[in-house]
Amino acid sequence: VPSYARPGGHYASVVFTPTSNIGVQGTGASVETKVGTLFYISVSGTISEYAMITKFLANSFQEYGPVSIATTIKNFGDLHIKPAGQITIYDMFGRKIETSSFTKFNIFPSAARDYQNSIGAKIMIGRFKANILTSYGQNNNLPLIANVYFWVFPWKIALIIILVIIAIILGIKYWKKKEIKELNPPTIISNQT
């Protein structure tokens with residue numbers, strides 16, 4: 001290891017390319033085969049472990065679930081990390097609705113990883129909070145926490161229900177008014193002298 005190498009994780013790859021058949025002449029397409037592998041070297045010394053959730057977003061309003069949540073985690077440290085944890089949805093009363101495991105992927109130093117999670121049921125009504133709680137580090141003891149709030153409300157169905165209720169109320173009023181007229185027919189007063 002060179003003396004100027006920074007402490008932490010370093011990554012390299014070895015690629016093997018077989019020699020092609022020498023002396024073979026031909027026309028047409030050719031395929032070049034390469035086989036490679038990635039390897040990891042850890043240089044001892046004082047290292048920095050620091051990562052951050054740079055994005056935790058959901059649509060602020062949608063008509064139906066499940067809700068799509070986009071997350072980006074950036075690794076500012078010297079070692080690769082593999083965050084592990086979960087995303088939990090709570091309703092407006094603080095009750096836990098659903099929990100989804102957070103997919104584990106390696107994030108190399110100075111790199112970011114985008115995650116996409118879909119969580120929740122088809123029919124959801126109200127304001128919800130999504131909470132992400134993950135951890136990372138050599139001992140998996142460094143937390144990453146974020147919250148996002150969003151509304152889910154099936155407004156088209158609600159509009160149809162309201163219009164039906166209004167139509168029923170107007171129909172009942174019309175029916176009662178007609179019934180009153182039938183029970184009390186108008187009296188005709190004639191003016192004869």
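**Close-up 1. Ring pairs join Tyr11, Tyr40 and Phe108 into a cluster.** This is a predicted model, and searching the whole structure turns up six aromatic pairs. One of them brings together Tyr11 and Tyr40, whose ring centres are 5.1 Å apart; their planes meet at 35°, so the pair is tilted. This pair links distant parts of the chain, as Tyr11 belongs to strand E1 (residues 8-16) and Tyr40 to strand E2 (residues 35-43), 29 residues apart. Tyr11 is partly exposed, with 27% relative accessibility, and Tyr40 is also partly exposed, with a relative accessible area of 39%.

**Close-up 2. Phe105 and Tyr115 make a tilted aromatic pair.** Here the distance is 5.9 Å centre to centre, with 40° between the planes. Phe105 comes from the loop between strand E7 (96-102) and strand E8 (112-119), while Tyr115 is in strand E8 itself, so here too the pair links distant parts of the chain, 10 residues apart. Take a look at how the two partners are placed: Phe105 is partly exposed, with a relative accessible area of 35%, whereas Tyr115 has 4% relative accessibility and counts as buried because that value is under 20%.

**Close-up 3. Lys122 sits over the ring of Tyr64.** In this view, the charged end of Lys122 is 4.7 Å from the centre of the Tyr64 ring.

**Close-up 4. Lys129 lies over the face of Tyr90.** For this lysine and tyrosine, the distance to the ring centre is 5.4 Å.

Notes: Residues are numbered from 1 along each chain as its sequence is written. This is a predicted model: local features need pLDDT of at least 70, side-chain atom pairs count only at pLDDT 80 or more; totals for chains, interfaces and linings use all residues. Side-chain values use heavy atoms; hydrogens and water are left out. Rings of Phe, Tyr and Trp (its six-membered ring) pair if their centres lie within 6.5 Å; planes under 30 degrees apart count as stacked, over 60 as edge-to-face and the rest as tilted. Helices (H or I, at least four residues) and strands (E, at least two) are DSSP runs, numbered from the N terminus. Buried means under 20% relative accessible area, exposed over 50%, partly exposed in between (1.4 Å probe, protein chains only). A charge sits over a ring if NZ of Lys or CZ of Arg is within 6 Å of the ring centre and within 35 degrees of the ring normal.
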